[in-house]
Amino acid sequence: MRARRRTLALAASLVLALGAGPLAVPAFASPTTPAAAETCPDGLNARALCEAVAGLPDGDATAALVRVGGTDGTWRGSAGVHDLASGRPADPDARFRAGSVTKVVTAAAVLKLAARGEIDLDRPVQRYLPGLLGKDFRPVTVRQLLNHTSGIPAGDGLGETFEEVYAHRYDTLTPQAVVASASAKGPEFRPGRKQHYLNINYTVLGLLIEKVTGRPYAAAATELVLAPAGMRDTYFPGTDPRILGPHNHGYQAVEKADGTTELVDVTEWNQADRFAAGDMISTTADLERLLGSLFEGRIVPRPRLREMFTVPAHIEGATYSAGLQRFEYGGRVYWLKSGGRYGYNALIAGTRDLSRTLVYSVNATDAKGEGMNPVAERIALAALK
């Protein structure tokens, strides 16, 4: 009973930690990749990890790519299919939309610029980007953007429902337009008084990076973070709706008028409005490199790196730091970041000393739905216990 309570607690905590034409839902077959539990050795919860991804594709996900590492050992696994039409095994080295994991890169870029003296974390962003926010906004510091205490409300998107945004999946909504819509609403709360996780904070940080460096966000983030971390398969697509290079298709389950469900291929999607908050395409290997390089102090110098492991002490219930989120389970403190775009869920997590790390990409059939994807939940439970 105690183990069950721990499992439920982890699931609940992770839920809080994680923000072509239609195909008929297939009769999902047995696993097509070698992740069957009976073939898995013991050690590092390998059997549980195998069982976590066994049976894909199913109604919750079409594929999963997993990397667990640390001083306790390593485990690599993949399951599911490259696409439903061909049924080919999922590519374990595939690229995918990393969603809000992008914020880790953006935070690291800002902190690296701060270490160089090019950005002052205590300076109002209005001093760097005059006219960006309306006159109703009090000064918002760069640090408050990093830890989601700015009080800037969410910007507008291209729709509210899946059907609305899917109809605009090839359209471009610029970061500047998103910020302008947020500014027009006025402040949500006085800066520093609350913590509210929103993409808008990192959209503004992306514009700050561009102003300070004089370069497009993608070029600056690549030079400051991706290249030093050795992330050769990671890039920012901008207005290009495609995922370039090897990738597994993403799908969204959509209920039809007759009550049946179909899977819509959502692989192609212009994510320009996500910008520095969620427009990155990566691989599990690259995200594992990011985790190691960052936590070891090889990207951001250690004095500034402390920002990524510090939550606002004066705000009750705060869990977000600069780019990461604090999560405690089983006597260990993990620092993690999740991401979700239609068709794709991703997560990076690790202890401060890298004794245990987890990176996954799950091709969820309801990646933006409420609650944690069941396949992702099973992976996390197996990897972090």
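Here are some questions and answers about this predicted model, taken one region at a time.

The model is predicted, with local features needing pLDDT of at least 70 and side-chain atom pairs counting only at pLDDT 80 or more, while totals for chains, interfaces and linings use all residues. Residues are numbered from 1 along each chain as its sequence is written, and side-chain values use heavy atoms, with hydrogens and water left out.

Q: Is helix α13 largely enclosed or largely open, and how many of its eleven residues are buried?
A: Helices (H or I, at least four residues) and strands (E, at least two) are DSSP runs, numbered from the N terminus, and α13 covers residues 374-384. Buried means under 20% relative accessible area, exposed over 50% and partly exposed in between, with a 1.4 Å probe and protein chains only. Among the buried residues of α13 are V375, I379 and L384. The helix is largely enclosed by the rest of the structure, because the number of buried residues is eight.

Q: Which residue caps the N-terminal end of α13?
A: Look for a side-chain oxygen 2.9 Å from the backbone nitrogen of V375.

Q: Which strand gives the largest share of the lining of the largest cavity?
A: On a 1 Å grid over the protein atoms alone, a cavity is a set of points where a 1.4 Å probe fits but cannot get out, a pocket is an open set with protein on both sides within 12 Å along at least five of seven lines, and lining residues have an atom within 4 Å of a point. The largest cavity holds about 30 Å³, where a volume is the space filled by probe spheres set on grid points joined across faces, edges and corners. Strands β4 (96-99) and β7 (280-282) each supply at least two lining residues. With three residues, the largest share comes from β4.

Q: What is the volume of the second largest pocket?
A: Two helices, α9 (217-229) and α10 (275-278), each supply at least two residues of its lining. The volume of this second largest pocket is about 170 Å³. Of the 14 lining residues, the closest to the centre are P175, G238, A272, F275 and D279. To end on the value asked for, the pocket has about 170 Å³.

Q: In β9, which residue is the bridge partner of Y329?
A: Two strands pair if DSSP finds at least two bridges between them, and β8 (residues 325-329) and β9 (residues 332-341) pair in the antiparallel sense over five bridges. They form a hairpin with two residues between them, and G330 in the turn has a positive phi of about 60°. The partner of Y329 is R332.

Q: Which residues make up the uncovered face of β8?
A: The covered face of this strand holds Q325, F327 and Y329. F327 counts as buried at 5% relative accessibility, and Y329 is buried at 13%. The uncovered face consists of R326 and E328.

Q: What kind of aromatic pair do F162 and W269 form?
A: Rings of Phe, Tyr and Trp (its six-membered ring) pair if their centres lie within 6.5 Å, and planes under 30 degrees apart count as stacked, over 60 as edge-to-face and the rest as tilted. The whole structure has eleven aromatic pairs. For F162 and W269, the values are 6.3 Å centre to centre and 50° between the planes, so by the cut-offs the pair is tilted.

How values were computed:
Polar contact = N/O pair within 3.5 Å; in protein donor to acceptor, adjacent residues only side chain to side chain.
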